[in-house]
Each structure stands twice: as C-alpha cells, then as structure tokens.
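Let's take a walk through this model together, starting with charged side chains and ending at a pocket. Please keep the sequence and the 3D view open as you read.

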Amino acid sequence: MKRGSLFIIGLILLVILPVGSAFGDERTLKLESRVIESFDAPGDITFEDGNPVYWQVRGDKFSMEGYPKMAYAPETWPIDLFGKNPENRAELQAFGVNGRFVRQGYNTIEIIPGDGEGDNWTERELPLPGRVRMFDFWIWGSNYNYSIEAHFRDYMGMTHRFEMIPAGAGRQSPGSINFEGWRNMYIDIPGYVRQAQVHKPNYKGLVLTKLVLRTHPEEAVDNFYIYIDNLKVLTDFHESFYDGFELSTPEKMTEIWGAE
C-alpha cells in the first residue's frame with residue numbers, strides 16, 4: 001500500500017476511534033441522593049407499609065446492666081452539613097448512644113431499625129431505594145479507638161458487612177471513629193453486591209440490617225458517647241424502557257395482584 005493511502009487511513013482512524021470509545025464508555029444513570037433517616041424524631045420515617053421506623057441499641061454480653069442507652073439529642077447537627085445557624089435548628093436532632101462495658105475487648109453495640117415501640121418492638125430491615133452506589137452518614141467521635149460498620153442484605157439473602165470510611169482520611173483507617181467531633185463516613189457499595197436480576201422486574205433492593213460499633217481491646221470502655229445523624233444513599237433509579245415496561249413496575253403489579 002502506498003504511503004499516501006496509509007496516511008489517509010491513519011487520519012480516518014484518528015477521527016473515528018475517540019468517538020467509538022466515547023460511546024463504548026457511556027453508561028446511562030439516574031443518580032439521586034436520598035436521606036433515608038434524619039434522626040430528627042423517633043418514628044420520623046416509615047417502612048413501605050406506613051409503619052414508623054424505631055431504632056434500638058443492643059450491646060453484647062459484657063455490657064453493664066442497663067446499657068447501652070439511646071437518646072435523641074435536641075438541637076444538634078453537624079455544622080459542616082447544615083451550617084452554624086440553620087433555619088430549622090429547633091427541628092434538628094441526632095441519635096445518641098451511651099455505652100458501658102464491664103471489661104475491655106472486642107465489645108459491640110448494634111444500632112438496629114425496627115417496628116413497634118417498647119416491648120412490642122421487633123427487629124426489621126430497612127429497605128434502601130434504587131440501586132445503591134454509596135451509603136453515608138455523620139458520626140460524632142470523641143477520640144476513642146473504636147470502629148463502625150454497616151451491615152446489608154441483598155435479595156439473594158447474602159449479608160454484606162462494610163467498615164465505613166472517614167471522609168478525607170482515605171482508606172488507611174477503615175471504620176475508625178478515632179477522631180473528635182462530627183465527621184462524614186461513607187462506603188461505596190461494590191458491584192458484586194447484587195441489586196438486580198435478569199428477569200423482569202430487574203430491580204431487587206438492598207436492605208440495611210444494622211450499624212455495629214466495635215471497641216478496641218486496649219481502649220477504655222467504662223463510659224462513652226457517640227452520636228449519629230443523617231443516613232443517606234446515592235442511588236441509581238434508572239430503568240431501561242421497553243414496550244410493556246409498566247407491567248414490571250411495583251405500582252402496576254400491586255394494582256393487578258395486590259400487595260405481597
């Protein structure tokens with residue numbers, strides 16, 4: 001082939017290849033940020049059936065009698081999230097936990113969503129909307145060498161445990177709340193966590209089962225406090241449209257077949 005012809009073919013490839021790569025990398029997303037629990041009041045959010053969500057705390061067998069305790073802290077918020085003087089400051093609260101253990105060790109406190117109040121409370125998983133890409137919340141640390149993790153369950157029944165990442169600290173200290181004051185912590189939900197299936201309807205949601213606080217064996221555990229605020233997800237609501245799409249939507253299925 002003549003050099004002139006090769007030059008022309010090269011120019012054509014230079015024009016075509018970048019365009020082809022751009023389309024090849026294109027992914028259709030409909031990302032939205034949703035607060036799933038503001039902790040501004042007990043029972044402030046509801047399950048799909050309309051029942052209020054009530055949180056409880058549960059310590060392991062080395063908890064002191066009567067502990068852990070929980071409370072809603074009035075007029076409390078992370079300044080980095082709401083500013084120094086938000087208009088709705090009287091409405092803002094945070095979920096507080098007071099823990100005490102009789103011995104040092106890998107002690108745990110579980111923070112669990114549920115249904116009902118008092119003796120009628122039962123543990124209940126909290127459904128998350130869409131296909132979750134990132135889960136985050138704010139937590140108030142007081143320089144204790146503890147860590148926190150989030151537990152999820154997918155539609156196949158597989159449980160997934162992730163240590164939360166302190167924002168701005170990289171991944172060098174996953175789960176650690178060994179800092180002072182409010183800090184945002186997050187986890188990117190990995191692609192291997194199944195949130196969809198091949199069959200219609202594709203969407204299969206992820207549920208949050210609990211948050212777990214762990215103490216370090218060499219850290220003091222006689223009396224400590226943490227606060228949590230603003231559970232949030234960044235989630236993908238995109239669904240590919242096709243003829244008959246409406247028959248796979250939860251609303252239409254409920255209309256035809258009733259609630260499961």
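A salt bridge is a side-chain nitrogen of Lys or Arg within 4 Å of a carboxyl oxygen of Asp or Glu. Before we use that term, a word on the ground rules: this is a predicted model, where local features need pLDDT of at least 70 and side-chain atom pairs count only at pLDDT 80 or more, while totals for chains, interfaces and linings use all residues. Residues are numbered from 1 along each chain as its sequence is written, and side-chain values use heavy atoms, with hydrogens and water left out.

Searching the whole structure turns up 13 salt bridges. One of them joins Arg124 to Asp115, with 2.8 Å from N to O. For burial, we call a residue buried under 20% relative accessible area, exposed over 50%, and partly exposed in between (1.4 Å probe, protein chains only). Asp115 is buried because its relative accessible area is 16%, whereas Arg124, at 27%, counts as partly exposed.

Now look at Lys232 and Asp136, whose closest N and O atoms are 2.9 Å apart in a salt bridge. This pair links distant parts of the chain, 96 residues apart: Lys232 sits in strand S14 (residues 224–236) and Asp136 in strand S8 (residues 131–142). Helices (H or I, at least four residues) and strands (E, at least two) are DSSP runs, numbered from the N terminus. Both Lys232 and Asp136 are buried.

Glu75 and Arg89 also form a salt bridge, their closest N and O atoms being 3.6 Å apart. Glu75 lies in the loop between strand S3 (69–74) and helix H2 (79–82), and Arg89 in the loop between H2 and strand S4 (93–99). Glu75 is partly exposed because its relative accessibility is 44%, and Arg89 is partly exposed at 34%. Elsewhere, a network of salt bridges links Arg58, Glu110, Glu123 and Lys210.

Next, find Trp257 in helix H3 (residues 250–257). With 70% relative accessibility, Trp257 counts as exposed.

Finally, turn to the second largest pocket. Its lining is made by Arg131, Val132, Arg133, Ile189, Pro190, Gly191, Val193, Arg194, Gln195 and Ala196. A pocket here is an open set of points on a 1 Å grid over the protein atoms alone, where a 1.4 Å probe fits, with protein on both sides within 12 Å along at least five of seven lines; lining residues have an atom within 4 Å of a point.
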